Amino acid sequence: MTFACREDDVPPGEGRNITLEGKRVALFRTDTGWYAVDAVCPHKGGPLADGIVCDHAVTCPLHDRSFDLRTGQGPGEDRVSAYPVELRDGAVYVAVGSPAAAPVAA
Ligand code: FES
């Protein structure tokens with residue numbers, strides 16, 4: 001697990017771009033928990049951290065493709081990697097390079 005930020009650094013319902021171990025990650029704080037996925041949309045490179053978040057999905061701001069934040073699955077063959085997130089003492093940690101796991105409670 002790699003330290004990403006403090007919980008207070010990301011307001012509820014928003015996403016942030018972070019770089020962890022050289023990897024660009026979009027970190028989200030949603031009503032259903034914290035999620036981390038690849039920062040770049042596989043369609044044409046849209047910034048997923050700037051997308052609209054609802055429940056456990058983010059919609060890319062460029063062409064409205066939606067990705068499940070739990071699994072990274074998008075429409076058809078489109079997919080991003082999803083990474084486990086853990087909260088400890090007000091800090092947010094992400095396991096980049098690990099397979100997707102259940103989200104952390106909000
Ligand atoms: S770049 Fe994300 S949907 Fe096109």
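**Entry 1: a loop residue to start**

I began with Asp64, which counts as exposed at 59% relative accessibility. My scale throughout calls a residue buried under 20% relative accessible area, exposed over 50% and partly exposed in between, with a 1.4 Å probe and protein chains only. Before going on, I noted that this is a predicted model, in which local features need pLDDT of at least 70 and side-chain atom pairs count only at pLDDT 80 or more, while totals for chains, interfaces and linings use all residues. Residues are numbered from 1 along each chain as its sequence is written, and side-chain values use heavy atoms, with hydrogens and water left out.

Asp64 sits in the loop between S6 and strand S7 (66-68). I take helices (H or I, at least four residues) and strands (E, at least two) as DSSP runs, numbered from the N terminus. The phi of Asp64 is near 65°, a positive value in a residue other than glycine.

I then looked up Asp55, where phi is near 55°, again positive in a residue other than glycine. Asp55 lies in the loop between strand S5 (52-54) and strand S6 (57-59). With 46% relative accessibility, Asp55 counts as partly exposed.

**Entry 2: the record and the chain**

I checked UniProt next: an unreviewed entry there places the feature "domain: Rieske" at residues 2-94. UniProt positions are given in the numbering used here, feature names are shortened, and annotations may be inferred rather than shown by experiment. Over residues 2-94 I find 0% helix and 48% strand, with the end C-alpha atoms 5 Å apart.

**Entry 3: the four-strand sheet**

Which order do the strands of the open sheet take? I read S2-S3-S4-S8, four strands with antiparallel pairing. Strand S2 (14-20) and S8 are the edge strands, each pairing on one side only. For me, two strands pair if DSSP finds at least two bridges between them.

I walked across the sheet from S2. S2 and S3 are joined in the antiparallel sense by seven bridges, and Gly15 stands opposite Phe28 in S3. These two strands form a hairpin with two residues between them, and Glu21 takes a positive phi near 50° there.

Strand S3 (residues 23-30) pairs with S4 over six bridges, also antiparallel. I found Leu27 opposite Ala36 in S4. S3 and S4 make a hairpin too, with two residues between the strands.

Is S4 mostly covered or uncovered? Strand S4 (residues 33-38) is mostly covered, as six of its six residues are buried. On the S8 side, two bridges join S4 to strand S8 (residues 82-83), and the two run antiparallel. Ala36 faces Tyr83 in S8, and the bridge partner of Val37 in S8 is Ala82.

**Entry 4: the aromatic pair**

How many aromatic pairs does the structure hold? I count one. The rings of Phe3 and Tyr93 have centres 5.8 Å apart and planes at 75°, so the pair is edge-to-face. The rule I used: rings of Phe, Tyr and Trp (its six-membered ring) pair if their centres lie within 6.5 Å, and planes under 30 degrees apart count as stacked, over 60 as edge-to-face and the rest as tilted.

The pair links distant parts of the chain, with Phe3 in strand S1 (residues 2-6) and Tyr93 in strand S10 (residues 91-94), 90 residues apart. Phe3 is partly exposed at 42% relative accessible area, whereas Tyr93 counts as buried at 19%.

Tyr93 has another neighbour: Arg88 lies over its face, 4.2 Å from the ring centre. I count a charge as over a ring if NZ of Lys or CZ of Arg is within 6 Å of the ring centre and within 35 degrees of the ring normal.

I also looked at Thr2, found in strand S1. Thr2 is buried, with 17% relative accessible area. Leaving aside residues up to four places away in sequence, Thr2 touches Leu20, Glu21, Val92, Tyr93 and Val94; contact means heavy atoms within 4.5 Å.

**Entry 5: the cysteines**

How many disulfides are there? I get zero, taking a disulfide as a pair of cysteine sulfur atoms within 2.5 Å. For Cys54, the closest cysteine sulfur is in Cys60 at 16 Å, too far for a bond.
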